[in-house]
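I'll jot things down as I look them up.

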Amino acid sequence: MGRIIENGNNNYLDEIINNKNALTKFVIEMNRRMHEKSKETSKSYKNHSFISFNDIKELHNKNIQMITNLSVREETINLQISTTHVKGEGLDFKNFEEFSKECSANSTPTLEVILIYKFMIFDDDKKDFESYEIENRLISRVSQLKQIEDEAPPFVSKAFLSNIISPTSKITIKHDNYVKARNFISMFDEWVEGIDESNGFGVKLLNWLKSISHHIRRFGKIAIICILGFFTAKAIDTSLVEINSLAKFIVAYMTIFFVMWNISDMTLGKLEESIDSYLPLSYLEINKGDKKLIKNYKQRNSKSIFISFLSIAGTIILGIMSSATYDLIKEFIK
């Protein structure tokens, strides 16, 4: 356990304070420790999380509690809070109260929030200082996607961009003692697990569909054409032996084949695109701009679901029509 450096009861520190030479060395050593490159530990998370302002406040309180448990006074903690918004706007805050007042008034969607805590503790056993820097990075995936879509060339599809999976939160710790640093990661783990998120069977099913979506158009068209050929061959009338009737049959069949091929390509292509365009939501919701952007992406997801059902219905209709193709051809060649 460390000890706060202001503690005057410690004999070692008393000796330093009462000796000018020792005090000078003490200040130099303290400055060296502050600027010395520390070991670094980090962990990223890709949860589909819904992070509200209250969640950020809870995280801040947990960090302060963890740090003060190391015998560090809260007023000695160097706190830096910064926010980045879509279109590159950024804001910096020196305390959480200022952050809480200003962040809610912004109308531009929040891209990320970064909380950095810097502090030092004095280790009685080693008679030395330990410096720490805790960085919590919280990222809005919908804002990130919005920015990428705005900057991407027009030929890059939104469906492709929706498949980019980036971390939604990350903790990075620069430390002198891994055991103490690991406690902060454990705390961050618990905080992440307590956040609301898109999860369960729906997300697992969607991830599976996305993984096979590029096969839907290819094998779907083959399946429809096979149905067309099977039912036509099964129902074909062997009395069609006259050259005139046979020629009409071939022309009619090839026309229907071509139409079915193109309609199925279009229908199944829309199904593939709607699956790839669906985005499991993950966001920061701390201002009006965030709420508006989240609403837009929810509407996009609803549209993707609607198009998927229409595409599936269209594919089923094509299958039914394929089974009745020969009856249509017979009417044509009479």
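Predicted model: local features only at pLDDT ≥ 70, side-chain atom pairs only at ≥ 80, totals over all residues.

What does lysine 221 meet in a salt bridge? I found the side chain of aspartate 265, at 3.0 Å from N to O. Lysine 221 sits in helix α8 (residues 201-235) and aspartate 265 in helix α9, so this pair ties together parts 44 residues apart in sequence. Aspartate 265 comes out as partly exposed, at 25% relative accessibility.

Salt bridges, continued. I got eight for the structure. One of them joins arginine 137 to glutamate 112, with the closest N and O atoms 3.1 Å apart. Here arginine 137 is in strand β7 and glutamate 112 in strand β6, so parts 25 residues apart in sequence are tied together. Arginine 137 also bridges to glutamate 135, with 3.3 Å between the closest N and O atoms. Buried or partly exposed? I noted glutamate 112 as buried at 15%, glutamate 135 as buried at 16%, and arginine 137 as partly exposed at 23%.

Aromatics next. I have 10 aromatic pairs written down. One is phenylalanine 257 with tryptophan 261, stacked, 6.3 Å centre to centre and with 15° between the planes. They are four residues apart in helix α9 (residues 243-277), so about one helical turn separates them. Phenylalanine 257 is partly exposed at 26%, and tryptophan 261 is partly exposed at 34%. Elsewhere, I found ring pairs linking Phe53, Phe93, Phe96 and Phe99 into a cluster.

Then helix α3 (residues 53-68). Its 16 residues reach 23 Å from first C-alpha to last, close to the 22 Å expected. I listed its buried residues, among them Asp55, Leu59 and His60. What do the buried residues of α3 pack against? My list includes β3 (50-52), β4 (78-85), α4 (96-103) and α7 (178-193).

Last, the surface. I noted a nonpolar patch of about 490 Å², made by Ile305, Phe309, Ile312, Ile316 and Ile320. I placed isoleucine 316 in helix α10 (residues 288-323). Glutamate 151, in helix α5 (residues 141-151), is exposed at 63% relative accessibility.

Definitions and conventions: Residues numbered from 1 in each chain as written. Heavy atoms only, no water. Phe/Tyr/Trp six-rings, centres within 6.5 Å; stacked < 30°, edge-to-face > 60°. Helix = DSSP H or I, 4+ residues; strand = E, 2+ residues; numbered from the N terminus. Buried < 20%, exposed > 50% of the residue type's maximum accessible area, 1.4 Å probe, protein only. Patch = residues over 30% accessible without salt bridge, like charges linked within 9 Å, V, L, I, M, F, W, Y side chains within 5 Å. Areas by Shrake-Rupley, 256 points an atom, 1.4 Å probe, with all protein chains shown as cover. Salt bridge = Lys/Arg side-chain N within 4 Å of Asp/Glu carboxyl O. Expected span 1.5 Å × (residues − 1). Contact = heavy atoms within 4.5 Å.
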